[in-house]
Amino acid sequence: LHADDLHLYYNMVSFLWKGRSLEPRMGSGSFLYLNLVFVLLTNSLLLCLNYIAVDALAEPRYYTDCAVGFSGVLFALKVVTSANLPADARTSILG
């Protein structure tokens, strides 16, 4: 299940682009490990933020909210990719 086809397409292309940049430098095992760590961290952060939102806003619907997709992991990979580029080739992590 995904938000929509365009978002899924963007995530797939983005992951391919970042993977082609990072995996050769890191190796397959390290790249897999990094992805697993980012999956756990981004989803744990979302879970913590949902619990904080329930307490701070007194809104129980945040117990049942969830994120759709792989976008948090892709953002983390963009940060890693940008940090590993030469200074003159870096892009903004905001877009």
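Which residue just after H1 takes a positive phi? Gly27 does, with a phi of about 95°.

**Figure 1. Overview of the predicted model.** This is a predicted model, in which local features need pLDDT of at least 70 and side-chain atom pairs count only at pLDDT 80 or more, while totals for chains, interfaces and linings use all residues. Residues are numbered from 1 along each chain as its sequence is written, and side-chain values use heavy atoms, with hydrogens and water left out. The secondary structure comes to 3 helices and 0 strands, where helices (H or I, at least four residues) and strands (E, at least two) are DSSP runs numbered from the N terminus. Read along the sequence, the pattern is α-α-α. Of the 95 residues in the protein, 20% are buried; buried means under 20% relative accessible area, exposed over 50%, and partly exposed in between (1.4 Å probe, protein chains only). Among contacts with a separation of 6 or more, 56% join residues 24 or more positions apart, a contact being heavy atoms within 4.5 Å. The protein exposes about 7000 Å², and carbon and sulfur atoms supply 68% of this area. Accessible areas come from the Shrake-Rupley method with a 1.4 Å probe, and for residues only the protein chains shown count as cover.

Figure 2. Helix H1 covers residues 5-26. Its 22 residues should span 32 Å at 1.5 Å a residue, and the end C-alpha atoms are 30 Å apart, which agrees; the expected span is 1.5 Å times one less than the number of residues. H1 bends by about 35° at Gly19, the bend being the angle between axes fitted to the seven residues ending there and the seven starting there. Gly19 is also one of the buried residues of H1, together with Asn11, Ser14, Lys18 and Leu22. These buried residues pack against H2 and H3. An α-helix has 3.6 residues a turn, so residues three or four places apart point the same way.

**Figure 3. A nonpolar surface patch that includes Leu6.** Leu6, Tyr9 and Val13 make a nonpolar surface patch of about 340 Å². Patches are made of residues with over 30% relative accessible area and no salt bridge, with like charges joined within 9 Å and nonpolar side chains (Val, Leu, Ile, Met, Phe, Trp, Tyr) within 5 Å. A salt bridge is a side-chain nitrogen of Lys or Arg within 4 Å of a carboxyl oxygen of Asp or Glu. Leu6 lies in helix H1 and counts as exposed because its relative accessibility is 64%.

**Figure 4. Helix H2 and the residue that follows it.** Helix H2 runs over residues 28-57. At 1.5 Å a residue, its 30 residues should span 44 Å, and the end C-alpha atoms are 43 Å apart, which agrees. The buried residues of H2 are Phe31, Leu34, Asn35, Phe38, Asn50, Ala53 and Val54, and what covers them includes H1 and H3. Leu49, also in H2, counts as partly exposed because its relative accessibility is 45%. Leu49 and Tyr62 are 13 residues apart in sequence, and their C-alpha atoms are 9.0 Å apart in space. H2 is followed by Ala58, which lies in the loop between H2 and H3. The phi of Ala58 is near 50°, a positive value in a residue other than glycine. With 62% relative accessibility, Ala58 counts as exposed.

Figure 5. Helix H3 (residues 71-83) has 13 residues and reaches 18 Å from its first C-alpha to its last, close to the 18 Å expected at 1.5 Å a residue. Val73, Leu74, Ala76, Leu77, Thr81 and Ser82 are buried in H3, and the buried residues of this helix pack against H1 and H2. Val73 counts as buried because its relative accessibility is 3%. Not counting residues up to four places away in sequence, Val73 touches Asn35, Phe38, Val39 and Thr42. Asn43, found in helix H2, is 30 residues from Val73 along the chain, and the two C-alpha atoms are separated by 9.0 Å. Asn43 counts as partly exposed because its relative accessibility is 43%.
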